[in-house]
Amino acid sequence: MEHGLLRQARPQIDRPHPPKTAPHPNRNPRWEACVATLQRRIVVYGSFLILVILTGSGSFILATTAQSRSDPDHNGPMGFADAAIPGAARGEMQAAHGLKDPEGARVAVQLPTSLRNGLMAAGAILSAGIVIAMMYLLYRVIKPLKELGRAVYRMSHGQLDEPARVGDLKDIGMVGDMVNDMATDLQEMLLHVWNHTSQDIALLNRISTALGCDCAGNRLAPEIRKDFDFVRQDIQDMRAMVKAFDFYHVQIMNEKLVSKAHPQM
Amino acid sequence: MSKRILVVDDSAMMRKLITKMVGPGGHVVVGEAKNGLEAVQLYKSLRPDLVTMDITMRDMDGFAAAKEILRFDDAAQIIFLSNLDVDRYGQDAQRLGAVGYVNKHQSRELMDMINNP
């Protein structure tokens with residue numbers, strides 16, 4: 001019933017409709033730009049990685065195949081020089097691989113040792129390239145993510161005093177900047193609460209004095225004193241909550257907000 | 001009289017609040033800056049009639065930015081708008097050459113100061 005009355009008493013606020021050209025409230029242009037940059041990077045790095053992997057593995061396969069073909073003792077499927085394979089079987093194998101002349105085939109697959117070694121070296125270098133590229137990617141992505149995680153953790157524990165430092169303002173760096181903005185807004189709200197409650201306490205004390213009682217409301221009727229105590233406790237609880245936070249460049253000193261950068265001003 | 005205002009505050013929420021607050025008075029927010037460096041640059045390019053300046057900001061704080069702006073234009077009208085203690089910082093703001101110092105939760109005082117600096 002009481003709620004119903006309150007609902008009726010609340011004035012109706014005419015909110016103007018947002019213009020059609022206004023950006024969607026859930027779409028942050030900075031975030032959109034950040035995602036686009038991240039996508040571009042993933043495509044570029046991914047393409048580079050795939051190219052390196054393909055080139056490296058291709059060189060390696062070519063080098064190992066050439067080695068197996070030029071090795072007369074090798075008994076693998078491509079070792080046509082194997083004398084142990086009977087004539088008919090060898091003919092079948094040649095037919096399966098599209099080779100008519102075994103001598104011609106041997107001439108076609110045999111590579112000079114220097115070229116073979118070169119291909120193997122290229123494969124090794126490219127494999128090392130893959131490892132370095134992957135480590136670089138991990139460094140570029142994982143390190144700022146870790147820092148971001150730390151910043152969010154600090155924020156969730158009420159430590160707003162240290163902003164996230166996640167490098168440049170691209171992709172993850174921009175997310176870090178937005179986390180810092182969020183911490184700033186939270187700090188702003190808390191300091192607002194602190195200032196308002198300071199004013200409220202001063203007001204309560206003034207009312208108490210005007211009513212001719214002490215700050216604890218000792219000369220008030222018990223019901224009113226109970227209400228007074230309730231309001232005062234509410235305010236104290238809010239202030240205790242604000243005090244539990246560590247603020248960026250601001251500290252609470254003797255119940256007043258003081259800048260850490262200019263404490264003596 | 002309508003004024004062109006530059007709002008300087010590191011909190012996006014606060015910038016929005018000030019913009020909404022000064023709108024009905026016929027004033028126009030011509031620019032918003034989130035730190036002192038941006039404020040100095042924007043002041044030079046926009047030449048607003050009035051600046052509302054927060055104190056605690058990253059990169060360059062409000063006092064340093066106000067000094068820089070007043071060095072560029074000694075007739076600049078700057079109102080410090082902060083959560084910090086008025087008794088401790090108010091006089092210093094005036095000594096610096098600012099129009100005044102208002103606590104952020106005192107919206108009426110802010111509007112009075114904007115209308116009659």
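1. Basis of the model. Because the model is predicted, local features need a pLDDT of at least 70 and side-chain atom pairs count only at pLDDT 80 or more, whereas totals for chains, interfaces and linings use all residues. Residues are numbered from 1 along each chain as its sequence is written, chains are lettered from A and ligands numbered from 1 in the order in which they are written, and side-chain values use heavy atoms, with hydrogens and water left out.

2. Chain A, overall. Chain A has seven helices and two strands; helices (H or I, at least four residues) and strands (E, at least two) are DSSP runs, numbered from the N terminus. Along the sequence the order is α-α-α-α-α-α-α-β-β. Of its 265 residues, 28% are buried, where buried means under 20% relative accessible area, exposed over 50%, and partly exposed in between (1.4 Å probe, protein chains only).

3. Chain B, overall. Chain B has five helices and five strands, in the order β-α-β-α-β-α-β-α-β-α. It has 117 residues, and 55% of them count as buried. Chain B exposes about 5,200 Å², of which carbon and sulfur atoms supply 47%.

4. Contacts along each chain. A contact means heavy atoms within 4.5 Å. Among contacts in chain A with a separation of 6 or more, 61% join residues 24 or more positions apart. In chain B the corresponding figure is 59%.

5. The second largest pocket. This pocket holds about 420 Å³ of space. Its lining has 22 residues, and the closest to the centre are A:Tyr139, A:Arg140, A:Val141, A:Pro144 and A:Ile172. The elements that give two or more residues to the lining are α2 (29-70), α5 (113-156) and α6 (171-210) of chain A. Of these, α5(A) gives the most, with nine residues. By type, the lining of this pocket has nine nonpolar, three polar and ten charged residues. Here Ala, Val, Leu, Ile, Met, Phe, Trp, Tyr, Cys and Pro count as nonpolar, Asp, Glu, Lys and Arg as charged, and the others, Gly among them, as polar.

6. On a 1 Å grid over the protein atoms alone, a cavity is a set of points where a 1.4 Å probe fits but cannot get out, while a pocket is an open set with protein on both sides within 12 Å along at least five of seven lines; lining residues have an atom within 4 Å of a point. Grid points are joined across faces, edges and corners, and a volume is the space filled by probe spheres set on the points. The structure holds four cavities of 30 Å³ or more. The largest cavity has a volume of about 170 Å³, and of its 18 lining residues the closest to the centre are A:Thr184, A:Gln187, A:Tyr248, B:Asp10 and B:Thr56. Helix α6(A) supplies the largest share of this lining, six residues. The lining divides into seven nonpolar, six polar and five charged residues.

7. B:Ser11. This residue is in the loop between β1 (4-8) and α1 (12-22) of chain B. B:Ser11 is buried, with a relative accessible area of 0%. Apart from neighbours within four places in sequence, B:Ser11 is in contact with A:Thr184, A:Asp185 and A:Glu188.

8. An aromatic pair in chain B. B:Phe63 and B:Phe80 form a tilted pair, 5.1 Å centre to centre with 45° between the planes. Rings of Phe, Tyr and Trp (its six-membered ring) pair if their centres lie within 6.5 Å; planes under 30 degrees apart count as stacked, over 60 as edge-to-face and the rest as tilted. B:Phe63 lies in helix α3 (residues 62-72) and B:Phe80 in strand β4 (residues 78-82) of chain B, so the pair ties together parts 17 residues apart in sequence. Both B:Phe63 and B:Phe80 are buried. With B:Tyr89 they form one aromatic cluster.

9. Helix α4 of chain B. In this helix (residues 86-96) the buried residues are B:Tyr89, B:Gly90, B:Asp92 and B:Ala93. They pack against β2 (256-259) of chain A, together with α3, β4 and β5 (100-103) of chain B. Just after α4(B), B:Gly97 takes a positive phi of about 110°.

Note on methods
Accessible areas come from the Shrake-Rupley method with a 1.4 Å probe; for residues, only the protein chains shown count as cover.
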